[in-house]
Amino acid sequence: MSNNRKNRTSVDIYGQSYSIVGSESTSHIRLVASMVDEKMREISSVNPALDTSKLAVLTAVNAVHDYLKLKEEMEELEKELKNLRD
């Protein structure tokens, strides 16, 4: 969204309800929440003894790891594109 309007969206993540406020569309906020919920359930299925706090931290670590890998890949592709243009 290009304007500064905030959307308030109710979502469920790992059995808990959250009200998320942001400038992104409601559908985007729901997608993000769904992906977080899915990752938490995936990690929990492999490590069922984890408490919710540790599960949330591991989910955040996984998300940041994925982000950094994608950022590295994007930077490599940008370098390759720049080399092709030169």
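Helices (H or I, at least four residues) and strands (E, at least two) are DSSP runs, numbered from the N terminus. This is a predicted model, in which local features need pLDDT of at least 70 and side-chain atom pairs count only at pLDDT 80 or more, while totals for chains, interfaces and linings use all residues. Residues are numbered from 1 along each chain as its sequence is written, and side-chain values use heavy atoms, with hydrogens and water left out.

Begin with Glu72, whose place is in helix H2, the helix made of residues 52-85. With a relative accessibility of 45%, Glu72 counts as partly exposed, a class that lies between buried (under 20% relative accessible area) and exposed (over 50%), with a 1.4 Å probe and protein chains only.

Now turn to the salt bridges, of which the structure holds four; each is a side-chain nitrogen of Lys or Arg within 4 Å of a carboxyl oxygen of Asp or Glu. Which residue forms a salt bridge with Arg41? The partner is Asp37, and the closest N and O atoms are 3.0 Å apart. Both residues lie in helix H1, four residues apart, which is about one turn of the helix. Arg41 is partly exposed at 44% relative accessible area, whereas Asp37 is buried at 14%. While Arg41 is selected, find Ala56, 15 residues away along the chain, and note that the two C-alpha atoms are separated by 10 Å.

Staying in helix H1 (residues 26-46), select Lys39 and Glu42, which form a salt bridge with closest N and O atoms 3.3 Å apart. Because Lys39 and Glu42 are three residues apart in the helix, about one helical turn separates them. Glu42 is partly exposed, its relative accessible area being 43%. A further salt bridge joins Asp86 and Lys82, with a closest N and O separation of 3.6 Å, and both of these residues are exposed.

For the next stop, select Asn7 in strand E1 (residues 7-13). Is Asn7 buried or exposed? Asn7 counts as buried, because its relative accessibility is 10%. Its side chain makes a polar contact with the side chain of Arg5 at 3.4 Å, and also reaches the backbone oxygen of Glu24 at 2.8 Å. A polar contact is a pair of N or O atoms within 3.5 Å; within protein, one must be able to donate a hydrogen and the other to accept it, and residues adjacent in sequence count only if both atoms are side-chain atoms.

Finish at Tyr14, found in the loop between E1 and strand E2 (16-22). Tyr14 has a positive phi of about 50°, although it is not a glycine, and Tyr14 is partly exposed at 24% relative accessible area.
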